[in-house]
Amino acid sequence: MGILGIDIGGSGIKGAPVNIENGTFLQERYRVDTPSVSTPENMAVALQELVDNFAWKGKIGIGFPAIVRDGVAKTAANIDKSWQGKNIVDLFSKSTGLSVAALNDADAAGLAELRFGNTYNNENVVLFLTVGTGIGTAIFHKGRLLPNMELGHIELKGKDAEQYCSDAVRRRQNLTRTEWAARFNDYLVHVEKLVSPDLIILGGGSSKKFHKFKNEFTIKTKIVPASLLNNAGIIGGAMHAHESLV
Ligand code: BGC
């Protein structure tokens, strides 16, 4: 069975029809730029381009970069502030004419990695991190998600942590990988104390370069790159739609 999974990020909107039985893509993934003014109206136009690309008529599941409760965006850290309080599900159901479900993007990616990736071995507490425009976090206990954990916004060095060590900050401040990794290690040391995870899985764009900076990390917790790389958010969005839409 196929569901169109869509991962909305700070720089790109990516999607593919997903076989939710095994987490594979039924067609090649497609990407459009996130509109520079990322208002709900502009995002709806961009999302439609994806829907049209696949001539999609079925269910849609969206990973969205904010706290998502009952389909409503409660925050807007890296997207247009007018999203705050917007019903994502209503908006995209109306704009596409299709059945839509939405959840936090890191929650989506974590769900997919634990189900279809090869990094999870029944550890008790798993912390899944995505590092991109922002820092997304998802916590699992015995494989069950505790939704909307926003540990990317804890205070670190007097700042919002994601303003100190996201991948966007690395690019904006021209940090070398090693410089960035030292900052990210400060972050890991802090969250390790807060969460005491048995395993940390690093997702998002940075996970592809994991071997280049892993030696900078001093935490005791085992940390591994996500095996589904950047596709996890798409797959997790589709899984969520499958589980929540009738
Ligand atoms: C948002 C999170 C999101 C993360 C990654 C953060 O700024 O607050 O909800 O998961 O970015 O996109």
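1. The shell around the ligand holds five nonpolar, five polar and three charged residues. Here Ala, Val, Leu, Ile, Met, Phe, Trp, Tyr, Cys and Pro count as nonpolar, Asp, Glu, Lys and Arg as charged, and the others, Gly among them, as polar.

2. This is a predicted model: local features need pLDDT of at least 70, side-chain atom pairs count only at pLDDT 80 or more, and totals for chains, interfaces and linings use all residues. Residues are numbered from 1 along each chain as its sequence is written, and side-chain values use heavy atoms, with hydrogens and water left out.

3. Which residues come nearest to the ligand? Of the 13 around it, they are N104, D105, E150, H153 and E162. A residue is near if one of its heavy atoms lies within 4 Å of the molecule.

4. D105 places an N or O atom 2.5 Å from a ligand oxygen. For E150 the distance is 2.6 Å. For H153 it is 2.7 Å. The protein buries 95% of the 310 Å² that the ligand exposes when taken alone; these areas come from the Shrake-Rupley method with a 1.4 Å probe.

5. The chain divides into domain 1 (2-107 + 232-244) and domain 2 (120-227), with bounds from an automatic or database domain assignment. Both domains give residues to the ligand shell, so the ligand lies between them.

6. The domain centres, taken over C-alpha atoms, are 23 Å apart. Eleven residues of domain 1 contact 14 of domain 2, with contact meaning heavy atoms within 4.5 Å.

Conventions: A polar contact is a pair of N or O atoms within 3.5 Å; within protein, one must be able to donate a hydrogen and the other to accept it, and residues adjacent in sequence count only if both atoms are side-chain atoms.
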